[in-house]
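Here is a walk through a structure with two parts to look at. Have the view open, and take the paragraphs in order.

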Amino acid sequence: MAEEILTTQDLHLYYGNKEALKGINLNFKEKGITALIGPSGCGKSTYLRTLNRMNDLIPGVTITGTARFKGKDLYAPDADTVEIRKEIGMVFQQPNPFPFSIYDNVIYGLRIAGEKDKEKLDAVVEKSLRQAAVWDEVKDHLHESALALSGGQQQRVCIARVLAVSPEIILLDEPTSALDPVSSSQIETTLLNLRQDYTIIIVTHNLQQASRIADRTAFFMNGELVEVDATKNIFMNPAQKQTEDYISGRFG
Amino acid sequence: MRRLFDDELADLDADFTEMGMLVSEVIQQSVDAFMQRDAATAQRIIDHDHDINEREIKLEKKTFEMIALYQPVTTDLREIVTILKAVSDLERAGDHARNIAHSTIKMGSKQKVPVLEQLLGQMGQMTTQMVQDVLKAYVNKDDQEAQALADVDRKLDHMNHQVREHSYEQMRLDSDFETGASIYLNVAQDLCRIGDYVTNVCEWIIYLKSGHIVELNSASEAD
């Protein structure tokens with residue numbers, strides 16, 4: 001039985017006076033993919049960003065309730081955001097490789113952490129790029145600029161960059177919405193390969209993507225979690241009418 | 001919000017119901033033709049069987065198209081799947097009406113056996129009523145009615161056994177009755193099969209309503 005690795009209880013988030021998250025109770029077991037779906041402005045991305053404290057930098061944000069990673073309060077006064085983001089990595093909507101070589105992109109986190117052992121770095125680069133299913137395409141160009149790659153390849157290099165620091169949880173915020181269907185499908189395959197070893201939480205507007213890859217799907221609406229269940233149940237027979245209306249395109 | 005999908009689904013639904021009414025009529029006619037030994041009507045039923053098959057194919061094509069183009073989920077998906085599955089059941093029920101028409105022609109002017117005539121008359125009435133009721137249940141998405149129709153199917157099975165017993169009895173009394181008996185047996189069997197297909201449609205109505213796939217006639221005696 002997998003342990004609950006990440007828990008959020010009564011999580012509220014306010015942008016100034018506006019309540020964007022209205023008390024989210026949602027827990028994640030180790031391993032597997034959870035998709036967060038819902039119309040624009042429903043709070044799913046905001047929620048995702050609270051999980052590795054990406055909202056800290058936004059002025060006027062207030063967060064109440066608890067978010068715990070392996071029992072540790074992510075918002076405790078002594079919590080170290082660098083450590084948190086090493087354990088809980090994030091991949092964004094737009095592929096955002098740094099203007100360095102592919103190699104330097106992947107080892108960026110390790111280099112900042114002071115790792116200098118060339119052999120170790122080489123091994124991490126190969127392992128991470130293999131895990132991100134992009135190794136075969138880039139192995140002969142590791143020292144060329146990552147910006148020269150296609151969008152889909154860039155996104156997989158970004159996934160490799162997250163994997164290089166050995167996180168436990170990978171957050172993805174609409175990682176394929178800027179990509180064509182072939183690149184999207186490569187990212188999906190990559191995620192399916194990673195789901196055995198990592199806890200993956202993905203925000204997506206592509207409902208078919210959620211139904212294809214997610215073990216579990218959570219539906220958000222107006223800052224609330226309406227329903228979370230096995231993906232099959234959500235798409236075949238959801239418990240809430242709001243969920244049904246949304247996924248069958250009656251609104252949203 | 002009204003979707004384009006809803007309009008297409010309404011059309012599909014109307015076509016399906018129309019096919020159901022056609023099958024229902026054909027079954028009614030085949031039963032009447034048998035009871036009255038009306039070979040001309042029986043022949044017309046045989047000649048027009050392809051109408052039902054063509055409608056089935058048209059509806060199947062339309063459902064495939066809607067699945068591919070709209071990728072329906074939840075209730076939408078269940079409505080489409082229900083039609084896709086039920087349309088085959090209706091078509092097969094129609095095939096059995098055609099079999100009854102063949103039996104009518106084969107029967108010619110052979111002597112009627114009153115007890116069997118009476119049993120088959122009742123079975124015919126029950127079956128045609130069942131087909132009409134299942135269409136009503138489909139249109140009203142009435143899973144209670146669908147559930148209730150399974151009982152009628154069990155009664156049909158029971159009467160089929162009675163037809164068999166009486167036919168064997170008649171054969172013992174009159175060895176020349178063998179061909180006639182086999183025709184009575186076939187018609188009773190065809191009516192039973194129609195009842196089974198109607199029960200399948202009932203199962204799809206329950207699925208449509210609840211999302212659960214149920215087996216209604218598992219208790220019915222297999223023949």
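Let's start with how much of chain A is tucked away: buried residues make up 44% of its 252 residues. Here a residue counts as buried if 20 or more other C-beta atoms lie within 10 Å of its own, as exposed if 12 or fewer do, and as partly exposed in between, with the C-beta atoms placed from the backbone. Keep in mind that this is a predicted model, where local features need pLDDT of at least 70 and side-chain atom pairs count only at pLDDT 80 or more, while totals for chains, interfaces and linings use all residues. As for labels, residues are numbered from 1 along each chain as its sequence is written, and chains are lettered from A and ligands numbered from 1 in the order in which they are written.

Six strands of chain A form an open sheet in the order S6-S7-S8-S3-S9-S10, with mixed pairing; two strands pair if DSSP finds at least two bridges between them. Strands S6 (88-91) and S10 (224-230) of chain A stand at the edges with a single partner strand each, so one side of each has no neighbour in the sheet. At the S10 end, strand S9 (residues 216-221) of chain A pairs with S10(A) in the antiparallel sense over six bridges. There, A:Met221 stands opposite A:Glu224 in S10(A).

What sits inside? The largest nonpolar core has 69 residues, and those with the most contacts inside it are A:Leu36, A:Ala160, A:Leu171 and A:Ile201. Such a core is a set of buried Ala, Val, Leu, Ile, Met, Phe, Trp, Tyr and Cys residues joined through C-beta atoms within 7 Å. Helix H7 (residues 151-163) of chain A gives the most to this core, with six residues. Zoom in on A:Leu36 and, leaving aside residues up to four places away in sequence, you'll see it touch A:Lys44, A:Tyr47, A:Leu48, A:Ile201, A:Val203, A:Ala218 and A:Phe220. Contact means that the two C-beta atoms, placed from the backbone, lie within 7 Å. A second, separate core of 56 residues includes B:Ile83, B:Ile100, B:Met123 and B:Tyr184.

That brings us to chain B, which has seven helices and zero strands. Its C-alpha atoms fill a box of roughly 70 × 35 × 20 Å along the principal axes, and buried residues make up 39% of its 223 residues. Of the contacts in chain B between residues at least 6 apart in sequence, 82% join residues at least 24 apart. For a single spot, pick B:Ala148 in helix H6 (residues 143-173) of chain B. B:Ala148 is partly exposed, with 13 other C-beta atoms within 10 Å. From B:Ala148 to B:His166 is 18 residues in sequence and 28 Å in space, C-alpha to C-alpha.

Finally, look where the chains meet: the contact takes 11 residues from chain A and nine residues from chain B.

Technical notes. Helix = DSSP H or I, 4+ residues; strand = E, 2+ residues; numbered from the N terminus.
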